[in-house]
Amino acid sequence: DGHKMATAYSGLQKSLRIGHESKALYWAGQIGKPMKGAKGYPNALKKRLCQNALEDAASWTYASRLLEEVPNGSKLEFEQLVPWVLGLVRLSKTHSTAWLNRVAAQQVYDSGDLSAPSESRIDVDTMSEVDFAAACLRAHSDGDIEALALACRGDMDLAVKLYKYVNADPLVFHAWQMHQRRPELRNRVIEVSNEKVDNLMDILTTPQDLPEQWFDKHTKEGKALGRGYGHFFEIMELYPRVYERSGGDGGNVTPNACARGGEDPYESQAKDLYQDFKLHGHEARVRHLLNPALALKHAQKMNKAVLKREAALMSEKEDIEERSGGGGGEISLQKRAKTEVENVKKMDEEKMEEDNAMEEVLNSNSSSSSSSSSSEALRDVDVFEIPYDKGLIGFKNFTVFGTLRRSLDGSDWSLPAGSQVFVKMGESYDTCLFAKACDDMRFQLGMVAMKSHMAVEWLVPTYNVAELAARTNPSWVQSASKRMEGSMRAHGRADGTMPAIVMSVFEGQEVCHRKEWVTDGMELLKVLLFRKYVGSTDTNGKNIMVNQAGRVFSVDEAAASEEQLVKYSSKGLCTAQKLHSALTYKAAQALSDGPQEVADFIRKLKEIVLPQVIGGSGGGRLAEVHANIPFDEDTVALLNDSPPGSRPLVKLANKLHLC
């Protein structure tokens, strides 16, 4: 019905919380059922139901059963999930895992200890709920999957599988321990009926809109309205409830009249922490407490949003004054703008506090570079030198080769002075982090990667872009300059810096120009599979490089949007311009000759816990990609079972548009 996926997700979760069957079915259909020519995403719906069960029902049983009993990939249809939607609607609710998550995160933050615990420390029999949850958060933050698995004893394999499925959400382990401790949660019955979709078509096809009050701080619309945790808690409704409210009738769906207090264990304490504890003047989510650098980035993003709101307000005021002949605009805007102006003033004061704390936070962040810990912004000209006879590599971004004038060092990487480097500016900070995370993943997979020779830095751009563009192609001057100005407006910080990727030079050329250098089709195939798996944009011959030794290197990785991922679903492994047939033939031949190696590579991909910058918030960004060819279980089984050169492998290569 034209709803955005984010709106459908929000509508589904709130409908499930209040136990409203028809609303939950409608929004579930918007996500998972093909209707009116639109493609359905049942795999995304399945993952969302698992996440909602963990967060709003604290149900280890529901989430683990749904994961195991309902298929993934192309075998999954919306009709198979309808009984599970109704089952979750009818299940008694509690937000206990989320409340516990916030309380435990505060304990971790206050202790100053983010290191993963030893195996003996995560013990459900000897630790309190909060201590067990805090230990799991430390292991989660440190990426210690083994410690998390051992914490769940006999359920270790299933717990880790569910954890990875919901994109590394630690609520899995909170729900598991509550299942062990609380009979009121463990003894609930999961009702999975055999409701026929044909009987529900009126509900599924009658358009609905999201009530205005449901646009909370987690939605784009709610953020634009300046809504915070207070509003979120005020509208939170749970029905039926596991833990009844004091003085409530226990039967009707009634809003929580107060943004504080509550009957769920840890509810009152968690609400106070969400609303009263601030990092750099802003509300802190759990991931901010576990990652100081992310907290700082969040604060900067919030401050930038406030400045944009202030600018928009002033522009509207000037327009109204001009139309009214002066003076009248201010009066007509006064009521609507009063709260907005007060918020801007408050946020400006908080920004001053954040600026004063910035140096301290960066110094305490083990992943930041030594150069970033300085309170003085670095200029690009102080960091690297561009040869006098070299210009921009392309006109879309500031991309150059240069020589480092100073060393750049971090906790697990180092670029010494004098290094030959590739520098890219013009992308968002998120895109730079995405590229760095992809490089880290490729290193884990044994692919070509920079790893210890790649950094993301904030630099003040001072080089003359027009001059650099003219050195390469005079026709680039105007477009390159405009793009750089736009990038600074979109991605720059108040101190005049913008994010930059700085990395060692890969001595190679684009595969579209050096097809003959690609001697190992398997290495090319793995690059294509990798880019598809992480949901990168524009996989083509210009974003894959090869050197004279035949090593293949993936470059220019950036996260595809939801719309792009849908478009890419029918394009096989090349999502932009097609690769030359000589290259796709080599990849197809590698698939045919080494199906077991391809299956092993896909398994390794799926074993890696994706960071949020790749997997997306809530884990839904790549759900459909990972549930379909070539990453679904059926394809992996086919690769394992098919002899080299067999017909099924040829058909698979065709489906991937390799031949």
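Me: Is F233 buried or exposed in this predicted model?
Reply: The relative accessibility of F233 is 0%. Buried means under 20%. So F233 counts as buried.

Me: What is the relative accessible area of Y274?
Reply: Y274 is buried too, as the cut-off for that is under 20%. Its relative accessible area is 11%.

Me: How many aromatic pairs are there?
Reply: Ring centres must lie within 6.5 Å to pair. By this rule the count is 14 aromatic pairs.

Me: Is the pair of F233 and Y274 stacked, edge-to-face or tilted?
Reply: The two ring centres are 5.8 Å apart. Their planes meet at 55°. Stacked needs under 30 degrees and edge-to-face over 60. The angle falls in the rest, so the pair is tilted.

Me: How many residues apart are F233 and Y274?
Reply: F233 sits in helix 14, residues 229-235. Y274 sits in helix 15, residues 267-276. The pair links distant parts of the chain, and the separation is 41 residues.

Me: Which residues form one aromatic cluster?
Reply: F233 and Y274 both belong to it.

Me: Which residue lies over the face of Y274?
Reply: The distance to the ring centre is 5.4 Å. A charge over a ring must be within 6 Å of that centre. The residue is R102.

Me: Is the pair of F506 and F553 stacked, edge-to-face or tilted?
Reply: The ring centres are 4.9 Å apart. The planes are at 40°, so the pair is tilted.

Terms used: Residues numbered from 1 in each chain as written. Predicted model: local features only at pLDDT ≥ 70, side-chain atom pairs only at ≥ 80, totals over all residues. Heavy atoms only, no water. Phe/Tyr/Trp six-rings, centres within 6.5 Å; stacked < 30°, edge-to-face > 60°. Helix = DSSP H or I, 4+ residues; strand = E, 2+ residues; numbered from the N terminus. Buried < 20%, exposed > 50% of the residue type's maximum accessible area, 1.4 Å probe, protein only. Lys NZ or Arg CZ within 6 Å of the ring centre and 35° of its normal.
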